[in-house]
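Here is a friendly walk through a structure that may be new to you. Have a look at it first, and then we can go through some of its details.

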Amino acid sequence: MGVQVISYNMLRKLDSKKKIEKILDVVLKGDIAVVEGRLSPDEELSLTAKAMQNVSGKFPGIEIAFLDSDGAKSFIEKLKYNLVKLLIKDRVGISVVGPSKKIKEIKMDPDKLEILFK
Amino acid sequence: MKFEYLTKLNLLVFNKTNIFKLKFKYFSMVGFFSKRFFNIFSLFKRKKKIQLGLYGPPNAGKSTLANRIIEDILGKDTEIKFNVSDLEHETRNVQSVEKLEIKKGSKKLDLTLIDTPGIATKIDFEDFVKKGINKNDAKERAREATQGVIDSIKWLDSVDAVIVVLDSTENPYSQVNITLVGNLVAKNKKLIIVANKIDMKKSNVERIHLVFPDYKIVPMSAKTGEGFENLYEAIFEEFY
């Protein structure tokens with residue numbers, strides 16, 4: 001199993017449909033896609049639906065998680081975070097998508113992601 | 001909106017085009033007032049119709065909650081009951097019940113309750129085999145469940161408001177939960193969160209508050225009915 005890191009620059013040129021296809025192509029090959037930035041809520045749900053359409057005995061679906069630095073607690077920290085987000089938009093954080101046939105679970109924590117393999 | 005009075009004198013000095021424009025304005029004005037009249041009338045009626053979706057991950061207790069609401073409104077003898085099971089993906093079709101009326105003082109809500117299959121990112125037939133289902137049935141169940149997830153996602157556009165049902169014994173910080181709530185917010189859908197299964201020892205409602213601090217959270221047990229009385233209060237507060 002390999003890991004493919006997909007840059008924000010590559011994805012930003014694609015529309016939502018192509019973006020999802022690109023990520024799913026990687027996962028259907030059995031690799032993990034590490035995506036710079038985060039998909040929109042709508043894209044995340046479309047990715048789930050698309051993954052479901054591809055479910056078979058060999059491909060039971062995906063594990064998906066994201067790491068976002070939105071752990072800011074104080075007002076100033078939140079303000080800084082929102083300003084950064086405003087400037088670089090959906091480039092904040094990383095998303096990880098992998099085949100659930102090989103990944104048991106991705107434990108999400110606001111500060112870390114833990115990938116547990118089967 | 002600008003109104004103009006129509007008098008015979010006014011009309012005489014206008015050419016045909018202007019008369020047409022004024023007639024159009026007159027009819028617009030009638031439409032304007034009749035709409036306001038019906039809006040005022042509906043204030044007295046104080047009844048609102050909503051399509052209320054029950055959404056959440058598998059096995060959170062959506063159908064159990066649906067059954068509790070239906071039974072509470074239609075009575076214990078009602079024949080309308082959804083299947084519930086400890087096995088995941090028991091609900092594999094979107095199912096609904098219409099004309100469920102709840103009241104609070106003079107306010108009335110006419111609910112169409114929509115129970116949806118749990119949203120998941122993976123469905124492995126082997127998980128069903130491990131739970132004792134034979135291989136062919138497990139494959140069929142997995143096939144239906146995947147279609148159920150797709151249907152749930154499609155229905156999200158049709159509902160007016162959503163009760164997100166979460167199992168309070170499970171970690172709420174999951175991709176499915178966050179994606180679901182994120183989508184509801186992006187689609188401007190009203191939502192409340194039910195922290196279900198508070199009758200269980202492992203229940204931890206505080207974790208749900210920490211992950212979703214901006215939403216109304218109703219701790220309850222759909223199975224035992226504990227905390228159920230707060231649900232209608234929250235529904236009127238958030239959806240009426």
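## Salt bridges

Let's begin with a term: a salt bridge is a side-chain nitrogen of Lys or Arg within 4 Å of a carboxyl oxygen of Asp or Glu. Keep in mind that the model is predicted, so local features need pLDDT of at least 70 and side-chain atom pairs count only at pLDDT 80 or more, while totals for chains, interfaces and linings use all residues; side-chain values use heavy atoms, with hydrogens and water left out. Residues are numbered from 1 along each chain as its sequence is written, and chains are lettered from A and ligands numbered from 1 in the order in which they are written.

Over all chains, a search turns up 12 salt bridges. One of them brings together the side chains of K19(A) and E43(A), at 3.3 Å from N to O. This pair links distant parts of the chain, with K19(A) in helix α2 (residues 16-28) and E43(A) in helix α3 (residues 41-53) of chain A, 24 residues apart. Are these two buried or exposed? K19(A) counts as buried at 10% relative accessibility, and E43(A) is buried at 6%. Here, buried means under 20% relative accessible area, exposed means over 50%, and partly exposed is in between (1.4 Å probe, protein chains only).

R38(A) and E44(A) also meet in a salt bridge, at 2.9 Å from N to O. R38(A) is partly exposed at 22%, whereas E44(A) is buried at 3%.

## Between the chains

Which residue of chain A does K122(B) meet in a salt bridge? The partner is E63(A), at 2.5 Å from N to O. K122(B) lies in the loop between β3 (107-115) and α4 of chain B and E63(A) in strand β3 (residues 62-67) of chain A, so the pair joins two chains. K122(B) is partly exposed at 34% relative accessibility, while E63(A) is buried at 9%. There is a network of salt bridges too, linking D42(A), D157(B) and K187(B).

## The two chains in outline

Chain A has 4 helices and 6 strands, and 39% of its 118 residues count as buried. Chain B has 8 helices and 6 strands, and 42% of its 240 residues count as buried. As for the terms, helices (H or I, at least four residues) and strands (E, at least two) are DSSP runs, numbered from the N terminus.

## Aromatic pairs

The structure holds 3 aromatic pairs over all chains. F228(B) and Y232(B) make an edge-to-face pair, 5.3 Å centre to centre with 65° between the planes, and both residues are buried. F236(B) and Y240(B) form a tilted pair, at 5.9 Å and 45°. F236(B) is buried at 4%, but Y240(B) is partly exposed at 27%.

For reference, rings of Phe, Tyr and Trp (its six-membered ring) pair if their centres lie within 6.5 Å; planes under 30 degrees apart count as stacked, over 60 as edge-to-face and the rest as tilted.

## Positive phi values

Most residues other than glycine have a negative phi. In H89(B), phi is near 60°, a positive value. H89(B) sits in the loop between α3 (62-74) and β2 (95-104) of chain B, and it counts as buried at 6% relative accessibility. K197(B) has a positive phi as well, near 65°, and is found in the loop between β5 (190-196) and α7 (205-211) of chain B.
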